[in-house]
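This briefing covers the cavity and pocket, strand pairing and backbone geometry of one protein model. The sequence and structure come first, and the points follow by topic.

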Amino acid sequence: METIRPLWDSVWLTNMGKLHNELATQLEKYLEVSNVSLFVNGHMALEMVLQAMDLSGEVITTPFTFASTTHAIVRNGLTPVFCDIDPDDYTIDASKIESLITDKTCAIVPVHVYGCICDVEAIEAIAKKHGLKVIYDAAHAFAVKYKGRGVGNFGDASMFSFHATKVYHTVEGGAITTDDKDLMDRLWKLKDFGIRDEEVVDGIGANAKMNEFCAAMGLCNLRHIDEEIEKRRLVFERYMDRLSGTEGIALMKPQKDVTPNYAYYPIVVDEKKFGSNRQVIIDSLAKEDIHVRKYFYPLTSDMDCYKGRFDSSLTPVAKWTADRAITLPMSASLSLDDVDRICEIVRSCRG
Ligand SMILES: *Cc1c(COP(=O)(O)O)cnc(C)c1O
């Protein structure tokens with residue numbers, strides 16, 4: 001309440017107001033990045049950064065992601081080329097990127113899936129060698145660090161989502177982080193209809209600005225983010241403790257040199273070893289009013305809107321994983337007793 005009262009007094013409710021600018025500054029500090037450009041949501045941030053880079057041709061990306069990643073590429077008139085994923089951390093398999101590069105390739109859009117960090121070093125080497133842009137979908141990776149560096153520092157730009165379902169949120173919101181000052185200027189304009197000044201409109205932009213209420217929410221939540229992540233850590237470790245060693249259930253593996261954010265708790269159910277499939281687990285949990293998601297399913301390349309355009313058999317690991325993954329309930333407010341109960345039900349599904 002105290003944060004939003006001055007908004008009514010100032011009558012400045014959007015268009016890069018005081019709280020908007022304050023949040024950008026605080027996020028630059030928190031994420032340890034040089035620039036943050038705030039957006040109405042993560043999806044528009046990704047669409048606009050691709051537009052701002054003025055790309056054309058093919059973009060190498062992953063089908064094991066939320067619809068947004070692929071849609072942002074296609075809605076920019078670019079062609080997604082799907083690369084398979086690494087079975088250990090579900091991110092793009094960097095060893096398979098180079099064989100997909102053609103003379104039309106302009107960029108790579110990898111995703112830090114579930115907050116697992118892509119092989120940023122290998123991706124950077126490939127991008128340098130072939131002169132490609134790298135834009136990370138870091139929607140899941142708020143606060144994650146790799147070798148002590150904020151994850152928003154890798155590639156040419158990263159997109160973060162501040163949707164209500166994410167670890168850190170502004171109700172709806174998103175951001176681009178980048179070192180590139182020119183890119184920052186283009187984004188500033190594009191998210192405000194391409195307006196340069198009162199009489200000059202020199203970009204074909206849209207309206208994708210973050211308003212002052214979302215910025216206020218963001219400032220409040222930023223005060224509690226470390227607590228939030230710490231509570232999630234306890235939930236995450238409890239899951240790991242209760243489920244590890246269960247034959248046929250693959251757990252997310254802690255990554256070397258990564259400071260995680262405990263955003264999700266995915267499990268991948270191998271029906272041959274577990275004796276029953278993920279649907280049995282989903283149904284058993286649903287009976288107890290516990291609702292879990294097949295996340296991500298289907299692969300974006302298998303979505304109805306892309307029917308006939310892509311061949312998901314070319315990304316067999318992604319396909320296998322999408323057919324078997326579920327994300328268990330994960331939040332700071334989940335009690336350890338509830339985690340125990342969930343794990344009990346999961347284990348009881350063994351056939
Ligand atoms: C949430 C999410 C987005 C989109 O972010 P919004 O803020 O909801 O627009 C994009 N990519 C991934 C991987 C996401 O999880």
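**Loop and backbone geometry**

Pro-298 is located in the loop between α9 and α10; helices (H or I, at least four residues) and strands (E, at least two) are DSSP runs, numbered from the N terminus. The peptide bond leading from Tyr-297 into Pro-298 is cis, with omega near -10°. The model is predicted, so local features need pLDDT of at least 70 and side-chain atom pairs count only at pLDDT 80 or more, while totals for chains, interfaces and linings use all residues. Residues are numbered from 1 along each chain as its sequence is written, and side-chain values use heavy atoms, with hydrogens and water left out.

- A cis peptide bond also joins Tyr-295 and Phe-296, where omega is about 15°.
- Phe-296 lies in the loop between α9 (278-287) and α10 (316-322).
- Phe-193, a residue other than glycine, has a positive phi near 65°.
- Phe-193 belongs to the loop between α6 (181-190) and β10 (195-197), and its relative accessible area of 41% makes it partly exposed. Here buried means under 20% relative accessible area, exposed over 50%, and partly exposed in between (1.4 Å probe, protein chains only).
- Tyr-262 is not a glycine either, and its phi is positive at about 55°.
- Tyr-262 sits in the loop between β13 and β14 (265-269) and counts as buried at 14% relative accessibility.

**Cavity**

- The search of the whole structure finds one cavity of 30 Å³ or more. On a 1 Å grid over the protein atoms alone, a cavity is a set of points where a 1.4 Å probe fits but cannot get out, whereas a pocket is an open set with protein on both sides within 12 Å along at least five of seven lines; lining residues have an atom within 4 Å of a point.
- The volume of the largest cavity is about 40 Å³, a volume being the space filled by probe spheres set on the points, with grid points joined across faces, edges and corners.
- Its lining consists of Ala-139, His-140, Phe-142, Thr-165, Lys-166, Val-167, Tyr-168, Asn-261, Ala-263 and Tyr-264.
- By class, six of the residues lining the largest cavity are nonpolar, three polar and one charged. Ala, Val, Leu, Ile, Met, Phe, Trp, Tyr, Cys and Pro count as nonpolar, Asp, Glu, Lys and Arg as charged, and the others, Gly among them, as polar.
- Domain 1 (5-222) and domain 2 (225-348) each give at least three residues to the lining of the largest cavity; the domain bounds come from an automatic or database domain assignment.

- The largest pocket has a volume of about 580 Å³.
- Of the 32 residues lining the largest pocket, Thr-165, Lys-166, Tyr-264, Arg-293 and Tyr-295 are the closest to its centre.
- At least two lining residues of the largest pocket come from each of α3 (42-52), α4 (67-74), β8 (157-161) and β15 (325-328).
- The lining of the largest pocket has 13 nonpolar, 14 polar and five charged residues.
- Domain 1 (5-222) and domain 2 (225-348) each supply at least three residues of the lining of the largest pocket.

**Strand β4 and its partners**

- All five residues of strand β4 (residues 105-109) are buried, so the strand is largely enclosed by the rest of the structure.
- Strand β2 (residues 58-61) pairs with β4 in the parallel sense over four bridges; two strands pair if DSSP finds at least two bridges between them.
- Thr-105 in β4 is the bridge partner of Glu-58.
- β4 also runs parallel to strand β5 (residues 133-137), and two bridges join them.
- Val-134 in β5 stands opposite Ile-108.
- Together, β4, helix α5 (residues 120-130) and β5 make a right-handed β-α-β unit. A crossover is right-handed if, with the strands pointing away from the viewer, the path from the first strand over the helix to the second runs clockwise.
- Thr-79 lies in strand β3 (residues 79-82) and is partly exposed, with a relative accessible area of 41%.
- The C-alpha atoms of Thr-79 and Glu-58 are separated by 4.7 Å, although the residues are 21 residues apart along the chain.

**Three-stranded sheet**

- Three strands in the order β7-β6-β13 form an open sheet with antiparallel pairing.
- β7 (149-150) and β13 (258-259) stand at the edges with a single partner strand each, so one side of each has no neighbour in the sheet.
- Strand β6 (residues 145-146) pairs with β13 in the antiparallel sense over two bridges, and Val-258 in β13 is the bridge partner of Tyr-146.
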